Amino acid sequence: MSETRERRPAPVPSGPGVRRSPPEPPLRLTRRGFIVLGGLGLGTVAAGTYAITNGLSGVPGLPQIPGLVEPTPPEVFADPVPVERAQLQARTKLGPAAYVYEVTGRPATYYVDTAFGGRLDAWLALHRQHTGQEPDTIRSYGAWVRGSSTSWHSSGQAFDVARLRADGKDLVSLRYDQWRDAPATELRRRLAAYWRVAAGLHHEFADVLTYLYDSSHSNHIHVDTGRFGAERPRLIRRSRVQAQAVQAMCLHVWGRTDVEITGEWDDATRAATTEILEQVDGPGELEESREAWQAFMVATMERA
């Protein structure tokens, strides 16, 4: 149940116990932004520069255009606050599925913050809706543990997913440590299934740590809400974790062999995700909005 957090930029204090990240690199004017601007006839350099720098909300009479305004929601880094188990909700299910502790293989009770438990239920409902799978058991390495202020497990706001099962058999195993040396055909199947599950988790949570992050996550996927709190995520272009995940989805689910897993938000990844979103009638480009992020994740979950 180890937890290693993605390295973040130095925070700027903005209130007790809460840190807000520095701004991302300036937003690029996306292809869609150029097209819309052309249609609007934004003719002056001064107005165009002001719009790109400050968002089109600063230009009277112009609509909000994806790709030109600051993305929302903002990142808010709240330090984990360790709590005692008695302060948390005791659960034996995740949605309709029974909770089983992966170490013992037995049903167990896990403890989470009530709101975080609701997010887990929402993820499983999303998974059932968009994959057609109906897990009756979620096997996990756990949620709350007594610990330090560096771990979201200690605050009851983290969870480690190991397997989704039904009728006593795995629907999807996230135990990369057990099948990473499988024959090529089986490995392709398992990787596609793994990243379809990860897509659902990325739809609901910003901090999603997989085997690509480090070896301690080779037997489970870790999720927590530290980056956005109660808000659902969007793309953070400087996030190695998100870039790796999107690249792995492009490669293993969508068959985009032109995309390499580098952890950098590069032109090849941008082009591939834009083409995928166009293919599924998604809203614009992945870096433009939270809606585009969600559309990409749903399409990835549904990809057979």
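Author: A crossing is left-handed if the near helix is turned anticlockwise from the far one by less than a right angle, and right-handed if clockwise. Helices are DSSP runs of H or I with at least four residues, strands are runs of E with at least two, and both are numbered from the N terminus. The model is predicted, with local features needing pLDDT of at least 70 and side-chain atom pairs pLDDT 80 or more, while totals for chains, interfaces and linings use all residues. Residues are numbered from 1 along each chain as its sequence is written, and side-chain values use heavy atoms, without hydrogens and water.

Reader: What is the handedness of the crossing in which α3 passes α8?

Author: α3 passes α8 in a right-handed crossing, which means that the near helix is turned clockwise from the far one.

Reader: Why is α3 called oblique to α8?

Author: The axes of α3 and α8 (residues 290-302) cross at roughly 55° and come within 8 Å. Axes are lines fitted to C-alpha atoms, for helices over the stretch in contact, and angles run from 0 to 180 degrees between N-to-C directions. Angles under 35 degrees count as roughly parallel, over 145 as roughly antiparallel, 65 to 115 as roughly perpendicular and the rest as oblique. The angle therefore makes α3 oblique to α8. Contact means heavy atoms within 4.5 Å, and here it involves Leu-126, His-127, His-130 and Thr-131 of α3 with Val-298, Met-301 and Glu-302 of α8.

Reader: What makes α5 oblique to α6?

Author: α5 and α6 (residues 240-252) pack at about 135°, with their axes 9 Å apart. That angle is why α5 is oblique to α6. Their crossing is left-handed. Among the residues in contact are Trp-195 and His-202 of α5 and Met-249 and His-252 of α6.

Reader: Which classes of residue make up the contact of α5 with α6?

Author: Nine are nonpolar, three polar and none charged. Ala, Val, Leu, Ile, Met, Phe, Trp, Tyr, Cys and Pro count as nonpolar, Asp, Glu, Lys and Arg as charged, and the others, Gly among them, as polar.

Reader: Why is α6 called oblique to α7?

Author: The axes of α6 and α7 (residues 267-279) cross at roughly 60° and come within 11 Å. α6 is therefore oblique to α7. This crossing of α6 and α7 is left-handed.

Reader: What makes a set of grid points a pocket?

Author: On a 1 Å grid over the protein atoms alone, a pocket is an open set with protein on both sides within 12 Å along at least five of seven lines, and lining residues have an atom within 4 Å of a point. The largest pocket has a volume of about 250 Å³. Of its 18 lining residues, those closest to the centre are Leu-171, Val-172, Arg-189, Arg-190 and Ala-193. The largest share of this lining, seven residues, comes from α5.

Definitions and conventions: 1 Å grid on protein atoms, 1.4 Å probe; cavity = no way out; pocket = protein on both sides within 12 Å on 5 of 7 lines; lining within 4 Å. Points joined across faces, edges and corners; volume = space filled by probe spheres on them.
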